[in-house]
Amino acid sequence: MIISSRHVLSPDGSVGPATLTIDGERISEVALGVAEPEHLVDEWILPGYVDTHCHGAAGVGFVDPDHEAVLRAIGYHRSQGSTTLFASTVAEDMDDLVDQISRLRGLVDEGELDGIHLEGPFLAPSRKGAHDLSLLREPSPSRVSRLIDAGGPALRMITLAPELRYGIEATEAIAAAGVHAAFGHSEADAATARDAVDAGADIVTHLFNAMAPIHHRKPGPVPWMLTDPRVMCELICDGVHVAPDVIRMVLQAAGPERIGLVTDAMSATGQPDGDYMLGHLRVRVTNGGARLLNDDGTLGAIAGSTLTLGRAVEFLVTRVGVPLAQAATMASTTPARWHGLDAGRIEPGARADLCLTDASGHLNRVLRAGREVPR
């Protein structure tokens, strides 16, 4: 296959005319300039998007025991641009979590998923968000080692609150095992956040959400995480989790090389408004926004999202004013580089994962391993 465009995103973040030759699953050549008209497309060619924090879609959570249903959820996210995908869990009983990890590990072995992210159970009760309070646990050495052993090479990231008992030691142990320790769902102050990074935490789980806000006398963890070059900041760009003005501030402070777009998408993604489950908790989706449904019928905390990375990129371009090249870098190149994935770049030898969009970032077509993904 030969495909050519005047707007191709290079690994260094620049955009220019190029012609791609795809042999099988991989890109064999990237030549400067455009090809003959029969190979030229009037679209931007971007590397396939990389979502490293995602819980499900199409009415199904990735931890569901129904294998075919989970494949439908994976297929939905692929069709919306996420050619590389981690499955995220929520807080669970340890035995149940180990069972879920076993199923997810099988999907990684099959090549359907690219990693596992454990969001819990090592979270601060005061910043639990959409996690069951009764299932939160301290990150004791035995619990941490059990999860690391269960995940094996498929386990890519564990979110934890470092101020918990054993928190710093757990951060060190997770990092030493080759797994990313992610700061998140935490009540930590600036000093503890700094200690966590020194101990090996190098990712922030959905920056701003489920952590202390910035105050000019009590800065909390956000300023440190924004300015420490050792840290990548996850950002949910759906117009609900983080305001456009704050997104612009983050981009100026950290730059696209340290921001990774994530969806935090739940099972309701790609589905109509209604009631759904996130782990053991009920969620109501209204106008695409997901919130916990309390027993009295009132709405509680934000419960993930119904976002796709395709929509996140378009939102950044059309609503926030971010250049498409920067938005695509945050959706693909940066998270792929941070997690050491075979993804996120358009160059010879890379897997032929591509997103083709218009100039506003609207997703038109997706290729994964050289094949077009049905939409």
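Tutor: We shall go through a pair of helices, a single helix and some annotated residues. Please keep in mind that this is a predicted model.

Student: How is the packing of two helices described?

Tutor: Two packed helices are described by the angle between their axes and by the distance between those axes. Here, helix α8 (residues 309–320) packs against helix α9 (residues 324–339) at an angle of about 150°, and their axes are 9 Å apart. The crossing of α8 past α9 is right-handed.

Student: Which residues of α8 and α9 make the contact?

Tutor: From α8 come Leu309, Val313, Leu316 and Val317, and from α9 come Leu324, Ala327, Met330 and Ala331. Sorted by class, this contact has eight nonpolar residues, with no polar and no charged ones.

Student: Which residues are buried in helix α7?

Tutor: A residue counts as buried when its relative accessible area is under 20%, and as exposed when it is over 50%. In α7 (residues 244–254), the residues Ile247, Val250, Leu251 and Ala254 are buried. They lie on the same side of α7, because they cover an arc of only 100° around the axis. On the other side of α7, Asp245 and Gln252 are exposed.

Student: What covers the buried residues of α7?

Tutor: The cover includes helix α6 (222–227), strands β13 (232–235) and β14 (259–261), and also α8 and α9. Just after α7 comes Gly255, which takes a positive phi of about 80°.

Student: Which residues does the UniProt annotation "binding site" cover?

Tutor: According to the unreviewed UniProt entry, the annotation covers Glu119, His185 and His206. These residues span 88 residues in sequence, yet no two of their C-alpha atoms are more than 11.0 Å apart, so they gather at one spot.

Student: Where does Glu119 lie, and is Glu119 buried or exposed?

Tutor: Glu119 lies in strand β9 (residues 115–119). With a relative accessible area of 2%, Glu119 is buried. Leaving aside neighbours within four places in sequence, Glu119 has contacts that include His185, His206 and Asp264.

Student: Which residue does UniProt list for "active site"?

Tutor: The unreviewed entry lists Asp264. Asp264 is placed in the loop between β14 and β15 (274–278). Its relative accessibility is 6%, so Asp264 counts as buried. Leaving aside neighbours within four places in sequence, Asp264 is in contact with residues including His53, His55, Glu119, His206 and Ser305.

Definitions and conventions
Residues numbered from 1 in each chain as written. Predicted model: local features only at pLDDT ≥ 70, side-chain atom pairs only at ≥ 80, totals over all residues. Heavy atoms only, no water. Axes fitted to C-alpha atoms, helices over the stretch in contact; angles between N-to-C directions. Helix = DSSP H or I, 4+ residues; strand = E, 2+ residues; numbered from the N terminus. Left-handed = near helix turned anticlockwise from the far one by under 90°. Contact = heavy atoms within 4.5 Å. Nonpolar A, V, L, I, M, F, W, Y, C, P; charged D, E, K, R; others polar. Buried < 20%, exposed > 50% of the residue type's maximum accessible area, 1.4 Å probe, protein only. Arc of directions from axis to C-beta. UniProt positions renumbered as here; feature names shortened; annotations may be inferred.
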